[in-house]
Amino acid sequence: MDEKELSIAEYEQTFIDDLNELEDWFLQYEYLLQISADLPRIPSERRKEENRVQGCQSGVWLEMAYTDGRIRVTADSEALIIRGILSIAVDLLDGRTPEEIVSYSPRYISETNIKKQISTDRFNGLSSVVDTVKQFAAGAIRRED
Amino acid sequence: MPDIETIRKDFPILSQQVYDRPLIYLDNAATTQMPETVLRRLEEHYRKDNANVHRGIHILSERSTESYEKARDTVHGFLGGGAGSEVIFTSGTTDSINLAAFGLAHTLSPGDRVIVSVLEHHANLLPWQRLCAVSGAELLVLPCPDGEPDLTQYEQWLSEGRVRIVALTQVSNLTGTVFPLRKMSRPAREAGALFLADGAQGLRHETAPVEELGCDFYCFSGHKVLGPTGIGVLWGKKEALELLEPLRLGGGMVDVVQEQSYTAAGLPARLEAGTPNYSGAIALAAALEYLTSLNRKQVSDREDELLRYAEKQLSGIPGLHILGKPQERAGALSFTLDDVHPFDAASVVDKFGIALRSGTHCAQPALASFGVSAALRLSPAFYNTFEEIDEAVKAIVRTKEMFQKWTKKS
Ligand SMILES: Cc1ncc(COP(=O)(O)O)c(C=O)c1O
C-alpha cells in the first residue's frame with residue numbers, strides 16, 4: 001500500500017485501527033517500539049535547545065524543512081515510547097504539502113490509549129509537536145504567496 | 001505493631017486493582033497514603049466542628065480553635081520540641097523553608113555564607129539561592145560523592161568562618177542518604193550558624209527528638225507522614241523563630257493595626273497570617289497519633305528492612321545501577337537501567353500495577369552529580385510487603401527485557 005495515496009486522515013485511521021485492535025497495554029507498547037525502530041535518529045550534535053520541544057518531560061527534538069513544495073519533518077526523543085508516538089506524527093506529516101498539513105487535526109491521540117499515556121506522564125509537548133509543524137506549514141504558505 | 005494484614009486494612013486505597021492487577025504503591029517518598037482514622041477525623045471535623053479559628057466567640061469556632069491548638073501540641077510532642085520551641089503551621093516543607101529563608105534575609109550581609117548540600121530537593125536549594133542573591137551572601141554547596149556528604153569539606157568551610165546558616169536534608173529524597181545531623185549540627189552551631197533540617201523524608205525514619213538532633217529549624221510535610229496535602233510544619237527554637245521577618249502579612253498575625261502601620265502578634269500567630277489550614281492540621285495530628293500508636297521505632301525499622309530487601313534484590317539485576325552508596329540509607333533508593341529511559345521504564349512498570357517515580361525528583365543538581373538527568377525511584381512505606389517488592393523487581397526485569405529487544409535493533 002502506498003500511504004501517500006491516502007489522505008493524512010485516511011492514513012491516520014490505519015494507525016488508530018492498529019492500536020485499538022491490540023487489547024492490552026503491553027502489545028500497544030510493543031507496537032510503538034516497533035514503529036519507533038524505523039524513525040531515524042537526530043544525532044546529538046543537532047539536538048539543540050532551539051529545536052527542543054517545550055513541555056516534554058523527556059527531551060523531544062524536532063527538525064523541519066520545506067523543499068520542492070513538501071514539508072519534511074523528523075523528530076527524536078530519548079524515550080522509546082515517545083519515539084513511537086512521534087514516529088506516527090512523522091509518518092503522517094513528512095512529505096505532505098503545507099496545505100494538507102494546515103488542514104489536518106490529529107485524532108490518533110484522542111482516539112487511542114495514547115491520550116492516557118500522555119495524561120499520566122505529562123507528555124504535554126506531544127500536541128505541540130503537531131502544532132509546531134502546522135505553524136511551520138502555515139509559514140511556508142505565507143512565504144509562497 | 002500489629003501484623004501487616006491488619007495494618008493494610010487501615011489504608012482503604014491500597015486494596016484496589018489497577019489495570020486488572022493489585023495496586024503496588026511504592027512511591028511513598030512522593031506522598032504517603034492516609035489511614036481510615038485520618039480520613040474519618042477530617043470528615044468529622046467538617047461534619048461537626050467546622051468554623052474559622054481564633055475568629056469567633058461562638059461554640060463551633062471555639063471547638064475548631066481548640067482542635068487546631070491541640071493539633072499544635074500533638075505535633076510539638078511528636079517532634080520532641082522542648083519548652084523553648086514552637087510549631088508554626090505552613091502549607092508544607094517548601095512553604096516552611098521559604099518562610100525561614102525569606103525571614104532570615106535581613107540577618108545576612110555580603111560575605112556571609114550559607115551551606116546546603118548537593119543532594120537537596122529544590123525546595124531546600126532555591127530559597128537559599130534567592131536569599132544569597134538578595135543579601136550578597138555566598139551559597140556553598142557541599143559535595144556528596146557516592147551519596148555521602150563530604151564532612152572534611154564541611155568542617156573546612158565552617159572553620160573558615162562567616163557561615164551563618166546551614167540547611168541540610170535529613171534524608172535525601174533521591175539516594176535515601178541519611179545525613180549525620182547530630183554530627184553536622186554541633187560544629188555548625190559552635191561556629192555560630194543557624195541549623196535547619198529538611199525533614200520531609202526523615203520524619204518517618206528518625207524517632208529522636210529534634211532538639212537532640214541539634215536543629216534550630218525543622219521542616220516537614222503532612223502528606224509524607226500519612227496526613228493530607230496542604231499542611232506542613234516549621235518547627236523552631238523560639239529565639240530562631242523570633243528572627244524571622246514574616247513572609248506573609250494579613251489577618252490573624254497582628255496586634256494593633258493603624259492605617260499606616262501595624263504591630264505584630266507574638267509567636268506562633270506572627271508567622272501564620274490568613275486563615276490557616278486548620279482542618280489539615282487537625283488531620284495531621286490524627287496521622288501522627290496513628291504513627292505513635294503503631295510504635296514509631298517499629299515503623300522505622302520495618303521501612304528499613306523493606307528498603308534493604310529492595311536494594312538487595314535490585315542489585316542482582318544486571319545493567320541496573322543504584323545511585324550512591326551512602327553509609328546509611330532510608331526511605332528511598334533511585335536507579336537507572338542500561339538501555340532503558342526512566343520514562344519508558346516507569347510507563348511500562350505502571351501497567352504492571354506498580355507505582356514508582358521517574359524523572360528528576362525535583363533534585364536536578366543531585367542527579368547531575370551522578371552524571372544522569374533522570375532516574376527511577378522506589379520508596380516503600382511500612383504498609384508495603386516483601387512480596388510487593390518481589391513483584392516490583394520482577395516487573396523491572398520484564399520491562400528491561402522488553403526494551404532491550406528494541407534498543408539492540410535500533
Ligand atoms: C527532601 C524533600 N524536601 C522537600 C520536599 C518538598 O515537600 P512539599 O512538596 O511537600 O513542600 C520534598 C518532597 O518531595 C522532599 O522530598
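The model is a prediction in which local features need pLDDT of at least 70 and side-chain atom pairs count only at pLDDT 80 or more, while totals for chains, interfaces and linings use all residues. Residues are numbered from 1 along each chain as its sequence is written, chains are lettered from A and ligands numbered from 1 in the order in which they are written, and side-chain values use heavy atoms, with hydrogens and water left out.

The axes of α2 (residues 36-49) and α3 (residues 59-79) of chain B come within 10 Å and cross at roughly 155°, where axes are lines fitted to C-alpha atoms, for helices over the stretch in contact, and angles run from 0 to 180 degrees between N-to-C directions. Helices (H or I, at least four residues) and strands (E, at least two) are DSSP runs, numbered from the N terminus. In this pair, B:R41, B:H45, B:K48 and B:D49 of α2(B) meet B:L60, B:R63, B:S64 and B:S67 of α3(B), contact meaning heavy atoms within 4.5 Å. The residues of this contact divide into 1 nonpolar, 3 polar and 4 charged, with Ala, Val, Leu, Ile, Met, Phe, Trp, Tyr, Cys and Pro counted as nonpolar, Asp, Glu, Lys and Arg as charged, and the others, Gly among them, as polar.

Elsewhere in chain B, helix α10 (residues 278-294) packs against helix α11 (residues 296-315) at an angle of about 85°, with the axes 5 Å apart, and the two are therefore roughly perpendicular. This contact is made by B:L291, B:T292 and B:L294 of α10(B) together with B:R296, B:Q298 and B:V299 of α11(B). In the loop between these helices lies B:N295, which has a positive phi of about 90° although it is not a glycine. The peptide bond from B:L267 to B:P268 is cis, with omega near 0°, and B:P268 is located in the loop between β12 (262-264) and α10 of chain B.

In chain A, the axes of helix α2 (residues 25-36) and helix α3 (residues 80-93) come within 7 Å and cross at roughly 70°, which makes α2(A) roughly perpendicular to α3(A). The residues of their contact comprise 8 nonpolar, 3 polar and 1 charged; among them are A:Y29 and A:L32 in α2(A) and A:R83 and A:G84 in α3(A).

Between the two chains, the contact takes 14 residues from chain B and 16 residues from chain A. The area buried between them is about 1600 Å², of which carbon and sulfur atoms give 69%, buried area being the accessible area (1.4 Å probe) that two parts lose on being put together, summed over both. On the chain B side, B:F343, B:K351 and B:W406 lose the most area to chain A, together 40% of what that side buries. Across this interface the rule finds 1 salt bridge, defined as a side-chain nitrogen of Lys or Arg within 4 Å of a carboxyl oxygen of Asp or Glu; the side chains of B:K405 and A:E30 meet in a salt bridge (3.3 Å, N to O).

Key: Angles under 35 degrees count as roughly parallel, over 145 as roughly antiparallel, 65 to 115 as roughly perpendicular and the rest as oblique.
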